Amino acid sequence: MIEARHLRVLRAVATTGSFSAAGRELGCTQPAVSQQMKALESSAGTPLLIRTGREMRLTEAGQALLRHASGILAGLTAAEEEVAAIAGLRAGRVRLVSFPSGSSTLVPGALAALRAAHPGTRVSLVEAEPPRSVEMLRDGDCDIALAFRYGTAGGEWDDLVVRPLLRDRLVGLVAEGHRLAGAEAVGIAELADESWIAGCPRCRRQLVEVCEESGFTPRIDFATDDYPAVVGLVGAGLGVAVLPELAVESVRPRGARTVRVEPAVEREIVALTLPDLARVPAVEATLVQLSLAAAR
């Protein structure tokens, strides 16, 4: 195995013409240079230097290795500088995937703060709902997944680093002229006979479970992953909905009113990453800014 330190010694010897001069250039003793050259020749399996009295010249093998050494050492120096820049947050890239309401509420402030603190760090963003976003993280297609879950499904994320961000309560959404629009709180069973507008598949599944626990099965006439569309349908008087507060915050609920629903249902918003990625400075800095954005 040829080591980079041995290549540096070879280059110094070839440049200065002697072990003692190479030692002075490298800041080490003449015996240390001689020992490292012997180790390099042993690794190469052939003599690299010819010593004749006070003169020293490279063998053909030594000349070939010296030609390659320049490129190898230059590449290694460039690699060391790039890694140092990433470690020092002067450079780096983070691939973030988020669900839509997180993209419009938590992500903008977090990324703006990250850019201000570490302008050399670049973050890309794509959108996906869990569990697809979590699959992307495990498949290596992103570095951080902003995700949510209802309840605490045991073992779902045991292989990941979980950074809790906030608890997002579900709120009811009714038309402004609805009989319950002015109510402070509404039992979800009071909406049993309404036409329902459902959101994303995971939220839709949670809606059905909550309604069935209250003694009825919701009649879902409309289903869409687009939160503005949900709000628009409610505002037009075509039904009622239950949405996370983040989702309502991300759109302007024209023609619709929010009401507190009982029993209270919350979803847990988290940032997920892989254990090895959690030690990458740019990833950790992004997680910190997401936590700060969630706390505001």
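This is a predicted model: local features need pLDDT of at least 70, side-chain atom pairs count only at pLDDT 80 or more; totals for chains, interfaces and linings use all residues.

Colleague: What span does helix α8 reach from its first C-alpha to its last?

Modeller: Helix α8 covers residues 201-213, which makes 13 residues. At 1.5 Å a residue, the expected span is 18 Å. The span in the model is close to that expectation, at 18 Å.

Colleague: Within what arc do the buried residues of α8 fall, seen down the axis?

Modeller: The buried residues of this helix are R202, C203, Q206, L207, V210 and C211. Seen down the axis of α8, they line one face of the helix, because they fall within an arc of 165°.

Colleague: Which elements do the buried residues of α8 pack against?

Modeller: One of the partners is a helix, α9 (227-235). The strands among the partners are β5 (144-150), β8 (195-198), β9 (219-223), β10 (241-244) and β12 (266-273).

Colleague: Which residue just after α8 takes a positive phi?

Modeller: The helix itself comprises residues 201-213. Just after α8 there is a residue with a phi of about 100°, and that residue is G215.

Colleague: Which residue in β11 is the bridge partner of G187?

Modeller: Strand β7 (residues 185-187) is joined to β11 by 3 bridges, and these two strands run parallel. In β11, the residue that partners G187 is E262.

Colleague: How many salt bridges does a search of the whole structure find?

Modeller: One of them joins R5 to E3, with the closest N and O atoms 2.6 Å apart. R5 is partly exposed at a relative accessible area of 44%, and E3 is partly exposed at 32%. For the whole structure, the number of salt bridges found is 16.

Colleague: How many residues apart are R163 and E284?

Modeller: R163 and E284 form a salt bridge, their closest N and O atoms being 3.0 Å apart. R163 belongs to strand β6 and E284 to helix α11 (residues 281-295), so the pair links distant parts of the chain, being 121 residues apart.

Colleague: Are D168 and R267 buried or exposed?

Modeller: The side chains of D168 and R267 meet in a salt bridge of 2.9 Å, N to O. This pair links distant parts of the chain, with D168 in strand β6 and R267 in strand β12, 99 residues apart. Buried means under 20% relative accessible area. Both D168 and R267 are buried.

Colleague: Which residues are linked with R202 in a network of salt bridges?

Modeller: R202 is one of the buried residues of α8. The network of salt bridges links R202 with R149, E156 and E268.

Colleague: How far does the backbone nitrogen of S103 lie from a polar atom of the side chain of S98?

Modeller: S98 is found in strand β3 (residues 93-98) and counts as buried, at 0% relative accessibility. Beyond four places away in sequence, S98 touches S103, V107, L125, V126, E127, A128 and L146. From a polar atom of the S98 side chain to the backbone nitrogen of S103, the distance is 3.2 Å.

Key
Residues are numbered from 1 along each chain as its sequence is written. Side-chain values use heavy atoms; hydrogens and water are left out. Helices (H or I, at least four residues) and strands (E, at least two) are DSSP runs, numbered from the N terminus. The expected span of a helix is 1.5 Å times one less than its number of residues. Buried means under 20% relative accessible area, exposed over 50%, partly exposed in between (1.4 Å probe, protein chains only). The arc is that of the directions from the helix axis to the C-beta atoms. Contact means heavy atoms within 4.5 Å. Two strands pair if DSSP finds at least two bridges between them. A salt bridge is a side-chain nitrogen of Lys or Arg within 4 Å of a carboxyl oxygen of Asp or Glu. A polar contact is a pair of N or O atoms within 3.5 Å; within protein, one must be able to donate a hydrogen and the other to accept it, and residues adjacent in sequence count only if both atoms are side-chain atoms.
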